[in-house]
Amino acid sequence: MAVEVKMMKYQAAIFDMDGTILNTIEDLTNALNYAMKETGHRHNYTNEDTKNFFGSGVEVALTRALAYEAGARLDSLVAVGTKDEVIPKSVTKEEVERISGD
């Protein structure tokens with residue numbers, strides 16, 4: 001008896017970076033803390049902290065974490081990644097790229 005195998009062609013893939021489809025916040029927190037530790041930064045962020053960082057991609061999340069580390073208020077982080085962002089001078093694009101491995 002022959003079995004017919006059909007190959008599927010995917011039109012799109014969904015990547016749930018901010019945990020809106022799956023509850024991935026613990027995984028995101030662990031990954032963030034690992035990357036920050038490996039690059040000499042604060043690495044004791046909680047799940048609640050991490051929820052304030054993610055939702056707009058990795059670059060923005062790392063920028064928010066670094067800004068928070070540098071003393072930025074949590075309520076100011078929502079503007080990071082927009083035209084209204086105000087981040088500490090110590091937070092540089094080069095450091096964000098170094099942490100992300102780019």
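Colleague: Asn 33: buried or exposed?
Modeller: Asn 33 is buried, with a relative accessible area of 13%. Buried means under 20% relative accessible area, exposed means over 50%, and partly exposed is in between, using a 1.4 Å probe and protein chains only.

Colleague: What kind of model is this?
Modeller: This is a predicted model, where local features need pLDDT of at least 70, side-chain atom pairs count only at pLDDT 80 or more, and totals for chains, interfaces and linings use all residues. Residues are numbered from 1 along each chain as its sequence is written, and side-chain values use heavy atoms, with hydrogens and water left out.

Colleague: Which helix holds Asn 33?
Modeller: Asn 33 lies in helix α1. Helices are DSSP runs of H or I with at least four residues, strands are runs of E with at least two, and both are numbered from the N terminus.

Colleague: What does Asn 33 touch?
Modeller: Leaving out residues up to four places away in sequence, Asn 33 touches His 43, Asn 44 and Tyr 45. Contact here means heavy atoms within 4.5 Å.

Colleague: Which backbone nitrogen does the side chain of Asn 33 reach at 2.9 Å?
Modeller: That of Tyr 45. The backbone nitrogen of Asn 44 also lies 3.4 Å from a polar atom of the Asn 33 side chain. A polar contact is a pair of N or O atoms within 3.5 Å; within protein, one must be able to donate a hydrogen and the other to accept it, and residues adjacent in sequence count only if both atoms are side-chain atoms.

Colleague: Back to α1. What other residues of α1 are buried?
Modeller: The buried set is Ile 25, Leu 28, Thr 29, Leu 32, Asn 33 and Met 36. They cover an arc of only 130° around the axis, which puts them on the same side of α1. The arc is taken from the directions from the helix axis to the C-beta atoms.

Colleague: Why would spaced-out residues point the same way?
Modeller: An α-helix has 3.6 residues a turn, so residues three or four places apart point the same way.

Colleague: What do the buried residues of α1 pack against?
Modeller: They pack against α2 (47-51), α3 (58-69) and α4 (93-100). The face turned away from the buried side carries the exposed residues Glu 26, Asp 27, Tyr 34 and Glu 38.

Colleague: How far apart are the end C-alpha atoms of α1?
Modeller: They are 20 Å apart, which agrees with the 20 Å that its 14 residues (25-38) should span at 1.5 Å a residue. The expected span is 1.5 Å times one less than the number of residues.

Colleague: New topic. How many salt bridges are there?
Modeller: A search of the whole structure finds 7. A salt bridge is a side-chain nitrogen of Lys or Arg within 4 Å of a carboxyl oxygen of Asp or Glu.

Colleague: Which residue does Asp 49 pair with?
Modeller: Asp 49 pairs with Arg 42, the closest N and O atoms being 3.7 Å apart. Asp 49 is buried at 10%. Arg 42 is partly exposed at 28%.

Colleague: And Arg 98, what is its partner?
Modeller: Glu 95, with the closest N and O atoms 2.7 Å apart. Arg 98 and Glu 95 are 3 residues apart in helix α4, separated by about one helical turn. Glu 95 is buried at 17%, while Arg 98 is partly exposed at 44%.

Colleague: Which residues are linked in a network of salt bridges?
Modeller: Glu 59, Lys 93 and Glu 97. In the bridge between Glu 97 and Lys 93, the closest N and O atoms are 3.8 Å apart.
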